[in-house]
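Colleague: Can you walk me through this one? I have it open here.

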Amino acid sequence: MVSNGILIGKSPEKQSIFISLDNSLFAKPDPTLYPMNILLVEDEAGVAGFLKKGLEEQLFKVSVAYDGRAGLDMALSSQWDVIILDVLLPKVNGWDLCRKLRREHGLATPVLMLSALGETNHVIKGLNEGADDYLAKPFKLDELIARLLALHRRSNGQLAEKNRLSFEGLEIDLDSMEAFRDGEKIKLTAREFKLLEYFMRNPGKVLSRMKIMEHVWEVDFDLGTNVVDVYINYLRKKIDRNFHPKLLHTVIGMGYVLKRDDAEE
Ligand code: CA
């Protein structure tokens, strides 16, 4: 299991202590309990390769995207513990990518931004776009690892106390079952809440009536009724009618999608 480090002991918090190849010592979560899954968005193949190798030697799992668009697709298509994001990237830069993840897709995954641009204004811009931490190149691998672990610990703590989903101005609290749009509380029935939750867990994805039936009504056959359409209309009246922009859209012949459509504004 441990090929590149030597296991020398276990701390009470189920952490293993390893010696890395350069003989530095550090603690990290036991990978058998906790394989930390990292998305690295970095266009320079040399840097990406070095980081992937260095992190995988410490038993992190690392997937690499080499431009901003691939990074966005990968960020949205899997579950990541932390996203490491370079600033200067082809197609979509790191700042725009971070803003899209946060504001358009409501993704709360911790983001650590990397850049050769170490000046204060770049740091501030990254943090304003929703990054959680920032590291200027060049840096030591040990420092990156320490920050990844700290980010992950912090985000797990936050999840425990704040069980919320957000998209654009919409927010739902999964503990109190409350919904808000632009900070205004919206009264929903239990079924409407479940319907909205399903959309908020799948922003930007077209959801067919059949899929909605399966997830919200928990039946996997066609009831032959328009119950989905009826409930979509109830939900629309509550979350969209008095707000801008509209977020719940019909895709003719396909189903419904929760998205911000700037073309319609
Ligand atoms: Ca770059």
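Modeller: Start with β9, which is joined by four bridges to the antiparallel strand β10 (residues 170–173). Strands here are DSSP E runs of at least two residues, helices are H or I runs of at least four, and both are numbered from the N terminus. Two strands pair if DSSP finds at least two bridges between them. This is a predicted model: local features need pLDDT of at least 70 and side-chain atom pairs count only at pLDDT 80 or more, while totals for chains, interfaces and linings use all residues. Residues are numbered from 1 along each chain as its sequence is written.

Colleague: What stands opposite S166?

Modeller: E171 in β10.

Colleague: And what is the strand order in the open sheet?

Modeller: β9-β10-β11-β12, four strands with antiparallel pairing. The edge strands, each pairing on one side only, are β9 (164–167) and β12 (184–186).

Colleague: Switching to α8, which residues are buried there?

Modeller: V228, I232, L235 and I239. Buried means 20 or more other C-beta atoms within 10 Å of the residue's own, exposed means 12 or fewer, and partly exposed is in between, with C-beta atoms placed from the backbone.

Colleague: Why are they on the same side of α8?

Modeller: Because they cover an arc of only 65° around the axis, the arc being that of the directions from the helix axis to the C-beta atoms.

Colleague: Which exposed residues are on the face turned away?

Modeller: D229, V230, N233 and K237.

Colleague: What about the whole protein, how much is buried?

Modeller: 27% of the 265 residues. The secondary structure is eight helices and 14 strands.
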